[in-house]
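Here's a walk through one protein model, with an eye on how its parts sit against each other. Have the structure open while you read.

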Amino acid sequence: MSHPTNHRPAGSNVPVFDNTGKMAAIIIGVTAVVAGSVMGAANPFLSNATSSQGAQIDTLFSLFVGIATAIFIIVQGFLLFSIVRFARAPEDEEDGVPLRGNTKLEVFWTAVPALIVVILSVLSYRVLADIERPHPDQMVVEVTGRQYAWEFYYPDYDLKTAELHIPLGRQVLLKITSADVNHAFWVPQMRIKKDAVGGKITTVNITATAPGVYPIVCAELCGAGHAVMRSQVVVEAEPTFQIWVQAQLGAKQRAAAMPPDPKTLGRQLYNQYGCNACHKLADAAAVGVVGPALDGIGSRAADIVPGQSAEEYIRTAIIRPMDFITPNYPPVMPGDYAQRMSQADLEALVQYLLEQK
Ligand code: CUA
């Protein structure tokens, strides 16, 4: 039997906004505003962005973090308050009061989030429009991702490099594509991330705001070498950048005028065709670990396949890698080197590897 004297009717008979309720609402509201402002201002999740676009994105993100923090505290605060305040009394076995909703409350919690979403949409659109706006002295760099390396082409200078150099403070338009599977071009410190898709050109602007060297990461799983598909952005003052360009152009002209000795050429080809990304080779300063190391390959290539000379073995391993995968390594080497390399490059590379004793 229940004890009528202990009986406390649930639900409607406990006033929600009595003094305790009002006090709780004030405490929760003040905490939400203070914590939201602190989190929004401090932006504890990110280091400083090193591009002007990144700085704008971070400002927006800080606002999102602030608002999300305030909403989190309001929702969790009232949840906790309700759990404590409206808990069932120990011997109360009665059903709760059938509530039919509260129109005022529903209008309030629909209108406020809708307003927040509209405001954030407008602000986001303005930031997006601003960071996509081309600047008159913009420089174009074409970026190509391939398993497993990045390649940069400067049409203004007819220059191809494996490292991205950009002048400080000047807007650079990156035209990004892929030579094979999907990759994603990501410079975390600049807040720039864009898909690299074969047959398509995606674009993104960067304007560097701090000199330095920042990692470029591939952010789309593209095969066994995905983790090593890295490069870097070197941000330098305009004069230093121009000196770098001239040095690259000079090296290119010298190479064209006077063919390098076989060893230098071999090293160049080894890195140019991305062998270095997967195959360790001390002579070419390559440290890749996806495929077998090639130090000393010239001494051991003969008779790996019975009856095949070292030269035949190396040539076949480059142009038809799937014919004999070295045990314990993933079968991921691209099979299109016969199309990508000229006959002269292929032979030069084979001769270079043969000399690795
Ligand atoms: Cu390219 Cu992951």
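Where is the place of Glu 238? Glu 238 sits in helix H4, which covers residues 238-257. Keep in mind while looking around that this is a predicted model.

## Around Glu 238

Is Glu 238 buried, exposed or partly exposed? Its relative accessibility comes to 27%, so Glu 238 counts as partly exposed, since the in-between class lies between under 20% for buried and over 50% for exposed.

Setting aside residues up to four places away in sequence, Glu 238 touches Pro 167 and Arg 170. Ala 277 is another matter: it is 39 residues apart from Glu 238 along the chain, and their C-alpha atoms are separated by 30 Å.

## Domains, and where two of them meet

In the contact, six residues of domain 2 go up against seven residues of domain 3.

The size of an interface is often given as the accessible area lost when the parts come together. For domain 2 and domain 3, about 630 Å² is buried between them, with 64% of it on carbon and sulfur atoms. Over on the domain 2 side, the residues losing the most area to domain 3 are Tyr 148, Ala 224 and Val 228, which together make up 58% of what that side buries.

## A cis bond at Tyr 148

The peptide bond that runs from Gln 147 to Tyr 148 is cis, and its omega is near -5°. You'll find Tyr 148 in the loop between strand S1 (139-146) and strand S2 (149-154).

## The H2 and H3 pair

Now go to helix H2 (residues 52-85) and helix H3 (residues 103-132). Their axes are 9 Å apart, and the two helices pack at an angle of about 170°. Angles over 145 degrees count as roughly antiparallel, and H2 and H3 are therefore roughly antiparallel to each other.

Which residues in H2 meet H3? From H2 come Gln 53, Gln 56, Ile 57, Leu 60, Leu 63, Phe 64, Ile 67 and Ile 71. Facing them in H3 are Ile 116, Leu 120, Leu 123, Ser 124, Val 127, Asp 130 and Ile 131. Sorted by type, the residues of this contact come out as 11 nonpolar, three polar and one charged.

His 279 is in the loop between H6 and H7. With a relative accessibility of 14%, His 279 counts as buried, because the cut-off for buried is under 20%.

What is His 279 in contact with, leaving aside its neighbours within four places in sequence? The list is Tyr 270, Ala 286, Gly 288, Gly 291, Pro 292, Leu 294 and Met 333. As for Pro 292, it is 13 residues apart from His 279 along the chain, with 5.8 Å separating the C-alpha atoms.

## Two positive phi values

Ala 285 isn't a glycine, yet its phi is positive at about 55°. Ala 285 is in the loop between helix H6 (275-278) and helix H7 (297-300), and it is exposed, with a relative accessible area of 64%.

Asp 303 also has a positive phi, near 65°, in a residue other than glycine. Look for Asp 303 in the loop between H7 and helix H8 (310-319). Asp 303 is exposed, with a relative accessible area of 53%.

Note on methods
Residues numbered from 1 in each chain as written. Predicted model: local features only at pLDDT ≥ 70, side-chain atom pairs only at ≥ 80, totals over all residues. Heavy atoms only, no water. Axes fitted to C-alpha atoms, helices over the stretch in contact; angles between N-to-C directions. Helix = DSSP H or I, 4+ residues; strand = E, 2+ residues; numbered from the N terminus. Parallel < 35°, antiparallel > 145°, perpendicular 65-115°, else oblique. Contact = heavy atoms within 4.5 Å. Nonpolar A, V, L, I, M, F, W, Y, C, P; charged D, E, K, R; others polar. Buried < 20%, exposed > 50% of the residue type's maximum accessible area, 1.4 Å probe, protein only. Buried area = accessible area lost by both parts, 1.4 Å probe.
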